[in-house]
Each structure stands twice: as structure tokens, then as C-alpha cells.
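This report walks through selected parts of one structure. Please look over the sequence and the model before reading on.

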Amino acid sequence: MTTRFTKAFGVAHPIVQAGMSWASSNPALPAAVSNTGGLGVLAAGPMYPEDFRAALRALKTATNKPFAVNVPLYRQQADEILDIAIEEKAPILIASQGGPKKYLGRFKAAGIRCIHVVASETHALKALETGVDAIIAVGGEAGGHPPPDQVSTLVLVRAIAKAAPEAILIAGGGVADGAGIVAMLALGADAAQLGTRYLATKEASVHEAYKHKVLEIGISGTALVGRGMSPIRMIANDFSARFLEAEAAGADIEARRAIFSGSSLKLAALDGDVANGKIEAGQSAGLVDDLPGAGELTLRLITEYRSALARLSGLNIALESSLGRSLQGVL
């Protein structure tokens, strides 16, 4: 399973576990993914700086394979978190929700590879101009913070691959199995990022009620909440219904902000309040129906990936055979 991504970042397979606030903020999940050949990602988002340092050290003990740390650049104490990532020699940084100029120079100087998360073709090209080593393009199906314009992963990834064919591109949003990984590579990506699928694993550090909501819903069971602010895709619940009702009734931005700020991801992920919390998850939740270990899941994805490739190979052989018979008929 060799791609430009696997070669550049030293991983065995073109699989990236998304950095998910609360879900991958302990070392168990990224360690399991990295130890089975994917790129595990430790999420710094909800952690105090010294907790992040401790988790990063524990992760370095738990795996000798490549891993990444994800830092949302808008969070308080982001600069301190970035300093710790350098001090502790994190091998790869995945930065999101901010510009690369904030960190790129000092991380490059420290020999740390840098991947930047983008949600549009314009932002992808701007990030690449700064010199990041790779980009993650996140489409409208993704959980958490998808693109405000809701362009699908299928279209966004293909557009970026055409606009910047030399760039190492990781595709995220709507991928839950090996067939989805193959689809992203067919579009021109070099790897696929999976978030919701890894959210539903034994090692993900969110409340069990949160995980079971992921298992319960179908592909249309999510809602986009917060248009005009910082929209999130989440599993539909009482909170999302309240917000969307206010939006449909024409509530002004301040009224909508008040409803939006009255809920949080922590409420669902840590406290287990899946009626009123923000249960961030992507549309691929409708493709998820079990809670395996993260290492077991990674191995399964590899098997599914190979099965999907074999199916395509069979179609190609059938096509070549058909073309051959057609040419014989013409001659």
C-alpha cells in the first residue's frame, strides 16, 4: 500500500486517524493505529499544556512508529502547546483552524513534518504556497468542522488534486472502510483520513453513550448546526433541533449564538449527555455498526482496501477481455 504519503511520512498504509478532540486525546487510540501501520494522531485540543506533555511522552513510549499531534490554532494556549510539541520532538504536526505562518518556520527548523487541514481549494493552495509538507482536505460529509459551503469530499478532493497534482494530499470526510480509501486514492489523494470510524472504537476516549449514538444512526442522521458562525456536523439530537428550529424561525445571529454556546462537545463526549451535547460525527456514521479495537479496525481496513482493489482489477481484466473480443471482430 505504497503512496507518496507513505513514503514521505514513513507509515505502512495510507490511513490517517483524525485528530478528534476528547476521542483521541489519550495515547491509547493513536498508539493502536500507529502500531498497526496507520498514522495515529494525538489531539491536543482539550488538554492543558502539561497534560498534553504527559500524553505525548506516554505515546512515545507506547509506539516506535510515526505518529502526529493535532493542534487547533485558535485554542487558548496554542503557542504553549506548539512549544511543547517541539520540545518533546513530536515527529509530525497536523495543524487546523488557522494559518501555517503561525508555526511553520520553527517546526521546519526543528525537523518536524507539517500537515495542514483545509476545507477549500483556495485555502489548500495558500497552505501549499507556504511550504507545508502535505494537506488534509476535509469535505462536507465530515464531522466536526466541515467546509461552510458544504462542498462534498468527492468534489473538493478532485479539485485540489487537479489544481496541485504535485502536493501530498490526504482526503477526509465520508470514509469509513477500505472501499472509501480506494475511492479517495482514485480521486488523486495519497491517503485517507478517518474520524467517525475511529471514534467508534474501544480506545476512543469519549463516553459510551456517544459511541452508541454513532452506531444507532443512518447516513441521514446528522445535522449541520451553526451556519453563519462556525458550523459543525453532529448527530441530530434535542440541541440541534432547538437550534435549527430557531434558525428556521428567522432568529437573529445573537439569538442563535446564545443557543449554540449553550451546548458543547464536552457535554456529550465527557459527560455523556447525548440529548443536549454536541455529538460531533460525520455522515459516515451511517456506515458504522460495531465497536472494534482500533488496531483490529486498522487491519480490517487494510483487508477491505485490498478486496476493493481486487474487485477493480477484476473489472479491468473483464474490460480488457471485452475490448480484445471487439477488436477481433473488427479485424
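Trp22 is buried, with a relative accessible area of 18%; buried means under 20%, exposed over 50%, and partly exposed in between, using a 1.4 Å probe and protein chains only. Trp22 is found in the loop between strand 1 and helix 2. Although Trp22 is not a glycine, its phi is positive, at about 75°.

Gln77 is another residue other than glycine with a positive phi, near 65°. Gln77 belongs to the loop between strand 3 and helix 4 (78-87). With a relative accessible area of 40%, Gln77 is partly exposed.

## Basis of the model

The model is predicted: local features need pLDDT of at least 70, side-chain atom pairs count only at pLDDT 80 or more, and totals for chains, interfaces and linings use all residues. Residues are numbered from 1 along each chain as its sequence is written, and side-chain values use heavy atoms, leaving out hydrogens and water.

## The sheet

Helices (H or I, at least four residues) and strands (E, at least two) are DSSP runs numbered from the N terminus. An open sheet is built from 8 strands in the order 1-8-7-6-5-4-3-2, with parallel pairing; two strands pair if DSSP finds at least two bridges between them. Strand 1 (15-17) and strand 2 (40-43) are the edge strands, each pairing on one side only. From one strand to the next, the twist averages 25°.

Within the sheet, strand 6 (residues 134-138) and strand 7 (residues 169-172) run parallel and are joined by 4 bridges. Val138 has Gly172 in strand 7 as its bridge partner.

## Helices on the sheet

Helix 2 (residues 28-35) packs on the sheet and touches strand 1, strand 2 and strand 3 (67-72), where contact means heavy atoms within 4.5 Å. The direction of helix 2 makes about 165° with that of strand 2; axes are lines fitted to C-alpha atoms, for helices over the stretch in contact, and angles run from 0 to 180 degrees between N-to-C directions.

Helix 6 (residues 121-130) lies across strand 5 (113-118) and strand 6. Helix 6 runs at about 160° to strand 5.

## A pair of helices

The axes of helix 11 (residues 238-248) and helix 12 (residues 253-261) come within 10 Å and cross at roughly 180°. The two helices are therefore roughly antiparallel to each other, a label for angles over 145 degrees, with under 35 counted as roughly parallel, 65 to 115 as roughly perpendicular and the rest as oblique.

In helix 11, Phe239, Arg242, Phe243, Ala246 and Glu247 meet Arg256, Ile259 and Phe260 of helix 12.
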